[in-house]
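Here is a short briefing to read alongside the model. Have the viewer open, and let's start with a single side chain before moving on to the wider picture.

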Amino acid sequence: MTDNEADEIVHQRRRHAKMPLTDKVLGAIGLAMAAFATFFPWYAFLHQDQFSIPPLWQGTTRDLPERSGRGVVSVSPLAMTDMDEETAAAIDRLTTATVLGLEHQPATAAGGQEAGLEQPFPEPSGFKLMHVANGRALIEDATGMYIVRIGSVLPDNSRLATFEERDGRWVMITSKGEVYQAN
């Protein structure tokens, strides 16, 4: 290594060792912000009368000018005057209502029974009692497992009425009178 190369290395180290002015300014700003964040909450705590709500809002209320109210604006699609033909064609203009004074006559099926009684209803959602402990029960149905207690709504829309111990096993009785026994 020659003397010129050694001088070059020392010169490069001195150039890199010097901190730029912008780094110094940014460091000073950071320290000032940290000091402000540290001491301002204490200042606000010790001088609460200057930072409370009433002094900030005294005398700054303003009265709004009196104006008459606006009329009611209809938002009915039929009231729109500037709609295109496609939108106007999509609006159902048929007026429907209930007619008073007509006697209710239920429709009858071929056998003379009311038609509504023959309608098939969905199966009640079945669930099974898994376990009972500490006044609560673990039940399972097709959608998952649930923990219920007395008064809870069950998957079949009944309520849990009570727990009883029969023949050494716990049973759950619903508000519909159905009895479920733990498996």
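Phe-36 counts as exposed, with 55% relative accessibility; here buried means under 20% relative accessible area, exposed over 50%, and partly exposed in between, using a 1.4 Å probe and protein chains only. Please keep in mind that this is a predicted model, where local features need pLDDT of at least 70, side-chain atom pairs count only at pLDDT 80 or more, and totals for chains, interfaces and linings use all residues. Residues are numbered from 1 along each chain as its sequence is written, and side-chain values use heavy atoms, with hydrogens and water left out.

**Aromatic pairs**

- The structure holds three aromatic pairs; rings of Phe, Tyr and Trp (its six-membered ring) pair if their centres lie within 6.5 Å, and planes under 30 degrees apart count as stacked, over 60 as edge-to-face and the rest as tilted.
- One of them joins Phe-36 and Phe-40 in a stacked arrangement, 5.2 Å centre to centre with 20° between the planes.
- Phe-36 and Phe-40 are four residues apart in helix α2 (residues 21–46), so about one helical turn separates them.
- Phe-40 is partly exposed, at 34% relative accessibility.
- Another pair, Trp-42 with Phe-45, is edge-to-face, at 6.2 Å centre to centre and 90° between the planes.
- Trp-42 and Phe-45 also both lie in helix α2, three residues apart, which is about one turn of the helix.
- Trp-42 counts as exposed, at 55% relative accessibility.

**The open sheet**

- Three strands, in the order β4-β5-β6, form an open sheet with antiparallel pairing; helices (H or I, at least four residues) and strands (E, at least two) are DSSP runs numbered from the N terminus, and two strands pair if DSSP finds at least two bridges between them.
- β4 (160–166) and β6 (179–181) are the edge strands, each pairing on one side only.
- Strand β5 (residues 169–174) pairs with β6 over three bridges in the antiparallel sense.
- Ile-173 stands opposite Val-179 in β6.

**The nonpolar core**

- The largest nonpolar core has twelve residues, including Phe-127, Leu-129, Val-148, Phe-163 and Tyr-180; such a core is a set of buried Ala, Val, Leu, Ile, Met, Phe, Trp, Tyr and Cys residues joined through side-chain atoms within 4.5 Å.
- At least two residues of this core come from each of β1 (128–133), β2 (136–141) and β4.
- Not counting residues up to four places away in sequence, Val-148 touches Gly-135, Arg-136, Ala-137, Ile-139, Leu-154 and Leu-160, where contact means heavy atoms within 4.5 Å.
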